[in-house]
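Please look over the sequence and the structure shown here before reading on.

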Amino acid sequence: MITRFHVNNLNCADCALGIEKHLKSVRGFEYADLNFASLTLTVETDNPELIRKEVQKIEPGVELIPLNSSTQQVPPEKSGFQVKRNVLIIAISSILFIVLLTMNSVLGENDYGTFYLYALALSSYLLAGWNVIRGAARTIRRGVFFDENVLMTIATFGAIGIKALSEAVGVMIFYKIGEFFQNLAVHRSRNSIRSLLAVRPNLAHVIRDDKQVDLSPEEASVGESIVIRPGEKVPLDCLVQSGSSRIDTSALTGEPTPRRASPGDTILAGEVNLSSLIRAEVTRPFSSSTIVKLLEQVESASSRKAKTEKFISRVARIYTPIVVSAAALIGLLPPLIYPGQDFSTWIYRALVLLVISCPCALVISIPLGFFGGIGGASRRGILIKGAHFLERLSGVKTVVFDKTGTLTKGVFTVHRIISQSDYTQREILEFAGAAEFHSNHPIACSIKEELNEYNISIDPSLISYHKEIPGKGIEANYKTKRVLVGNGKLMEQNGINVEDKQRSSLHIAINDTLAGYLVVGDELKEESITAIQKLRKAGVRQIWMLTGDHYEPASETASVLGIDNFRASLLPEDKVTCLEEILRTSHDGSIAFVGDGINDAPVLARADVGIAMGTLGSDAAIETADVVINGDSPVKVAEAIKIARTTNKIVWQNIFLALGVKIVFVSFGALGLASIWEAIFADVGMAIAAIINSGRALKQRSVKEIQHVQPAARLKSLEKTAV
């Protein structure tokens, strides 16, 4: 079973790695991941009681709080990070350090001065570094000798041993300052996620026995009516029954403009009712609502580590022992090999290397960068389900779209009814409606709507046979007559000739004779052209469209949008085949597929990155996809790619910054060209710089809108084209 915990009293990223590594090595644990950015531990084990015991072996002070319920909120943080307390410690130890420097210059090195110097140095040192020394002692008891606490303790003890008092105290104080800014950055990142979790509704006004009862959303049942007052959060996914109001959807979609909700419209948990009281019917239990799924996925997203993150964790574990070994050799070998060399000089150089070798900047800033990218995307209604998906998304060079519901609204209407026989338009529509009576396909729904316009009612008892033929149409018996409704392939299969120019129409044959056809059109989304333009601007080189619609409307859509290639009349398995062909022939970057229907689930799973349209998309598509777009705007596909690329760029900037500066200062330290002051700059300074740079990922701005003119004539032509 998979068990999740919120982790309290954990301030060290390297300690988090240690806990994770230890759990993975224990028999009975199939999977373990400790996400330091969100303080969440996820473990798969048959023995949940063993988890606390094993964690306590590594970090005795860590507290685990179960998060087994999808509706449970993350508890308040008790990480031990207190801003005022840390500022006070840094201020007092810094004042003592300044006094130490002053007395050192005034009193000199006589016995009287040395006593007071050591007293001041020890006071300032212990005040700033007590947590570090205590952490080092715990780490050494576990048999681990290469974490940041041990390295800092050895380096500063060594400095005191060679009478470099000011350097020892200064290193510990500056390390404390760096640790403070590091924890502050992580603390703020966690708060940004908590602000997202704050959109979770806590109260539902349920109508039971004609009375209003205030309950938690979990207690409301599907089919019950609820009342939502102005200013309140929508507690559950529901359908508006009465009333009309403006709805703030920004918590889910990132869109700042409220939308109007009227009877018959769907509203989602987490949205906010702005203007008027409305009554709605619950359509989903709270555990399956949009907001719960969003919060679950946002909390767990960064636990899926990117390749870059895993690689750097491995590098940090290898590189630190190498640097420590090099420091030991530099401190001992030259004085032993070369006569006249002073041990103090070479030990000082070795201490410089020890200070530089701390892997803080790498271990923290890289996952923090990915975490920021995922958090920044979620604020815009784009849910990226893990850091490795974000990394893949950054390399997308080919985007493949589904058509209906993705680039078009999926709303069909009957534009024309054409008779090619003795049957009237009304009779053709009646026979078509009878054949489609038991179907829920969007085209069938459009025909049923047209029946209402003509005031035609269908008697189900007169339908004696009904069969759907995938990818072709429907066969039915109505009023003792055999009715075929479908595309040209269905007509050809039954020996009925169709003119080429009408092949994309919806044909109706009665008793194996062509009676006529319907022209049914789909409407293009207003944002689709902008989406394609933004993808080009984001560096996407190839844009494809795979659709089950006929060639003519697919060709028209591709032409209007400027799509490079398309395939039409595809069954679900044909889409997978086409995508595999694109994957084989494309040698430039990753390939993303964007879809929304249940029939898109297989191809979403097969793509390098599967992107599902969330609000209208099927549950199967959303669960299968790697990225979920709330709000169904294709423009957000381009925005997701831009966020991923910016985040990936920030992560690699941190890698080059941290490693580059450390390599330079390791060389300087070995040659005696750098003191401990420069070393602390290389360690703490680069950690702070990398963390600040990672914060940019959380605050990315949306790309500017591309101005364009809708080709109205061609769009009108598209709507009138048969599908």
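The paragraphs below go from the whole chain to a sheet, a pair of helices and some individual residues.

This is a predicted model, in which local features need pLDDT of at least 70, side-chain atom pairs count only at pLDDT 80 or more, and totals for chains, interfaces and linings use all residues. Residues are numbered from 1 along each chain as its sequence is written, and side-chain values use heavy atoms, with hydrogens and water left out.

The chain has 23 helices and 26 strands. Helices (H or I, at least four residues) and strands (E, at least two) are DSSP runs, numbered from the N terminus. Of the 723 residues of the chain, 54% count as buried. Buried means under 20% relative accessible area, exposed means over 50%, and partly exposed lies in between (1.4 Å probe, protein chains only). Contact means heavy atoms within 4.5 Å. Among contacts in the chain with a separation of 6 or more, 68% are accounted for by residues 24 or more positions apart.

An open sheet of four strands has the order E2-E3-E1-E4, with antiparallel pairing. E2 and strand E4 (63-66) each have a single partner strand and stand at the edges, so one side of each is left without a neighbour in the sheet. On average, neighbouring strands of this sheet are turned by 25° against each other, direction ignored. Two strands pair if DSSP finds at least two bridges between them. E2 (residues 29-35) and strand E3 (residues 40-45) run antiparallel and are joined by six bridges. Within this pairing, Val43 in E3 is the bridge partner of Ala32. Strand E2 is mostly covered, as five of its seven residues are buried. Strand E1 (residues 2-8) and E4 also run antiparallel, joined by four bridges. Asn8 stands opposite Glu63 in E4.

The next feature is a packing of two helices. Two packed helices are described by the angle between their axes and the distance between the axes. The axes of helix H12 (residues 387-394) and helix H21 (residues 635-670) come within 8 Å and cross at roughly 100°. That makes H12 roughly perpendicular to H21. Axes are lines fitted to C-alpha atoms, for helices over the stretch in contact, and angles run from 0 to 180 degrees between N-to-C directions. Angles under 35 degrees count as roughly parallel, over 145 as roughly antiparallel, 65 to 115 as roughly perpendicular and the rest as oblique. On the H12 side, the contact is made by Leu390, Glu391, Leu393 and Ser394, and on the H21 side by Ala640, Ile641, Ala644, Arg645, Thr647 and Asn648.

Ser633 lies in the loop between strand E26 (627-629) and H21. Ser633 is buried, with a relative accessible area of 9%. Leaving aside its neighbours within four places in sequence, Ser633 is in contact with Glu527 and Met613. Leu673 is found in the loop between H21 and helix H22 (676-698). Leu673 is exposed, at a relative accessible area of 59%. Leu673 and Arg349 are 324 residues apart in sequence, and 8.9 Å apart in space, C-alpha to C-alpha.

Finally, the cysteines may be considered. The structure holds zero disulfides, a disulfide being a pair of cysteine sulfur atoms within 2.5 Å. Cys238 is buried, with a relative accessible area of 0%, while Cys445 counts as partly exposed at 35% relative accessibility.
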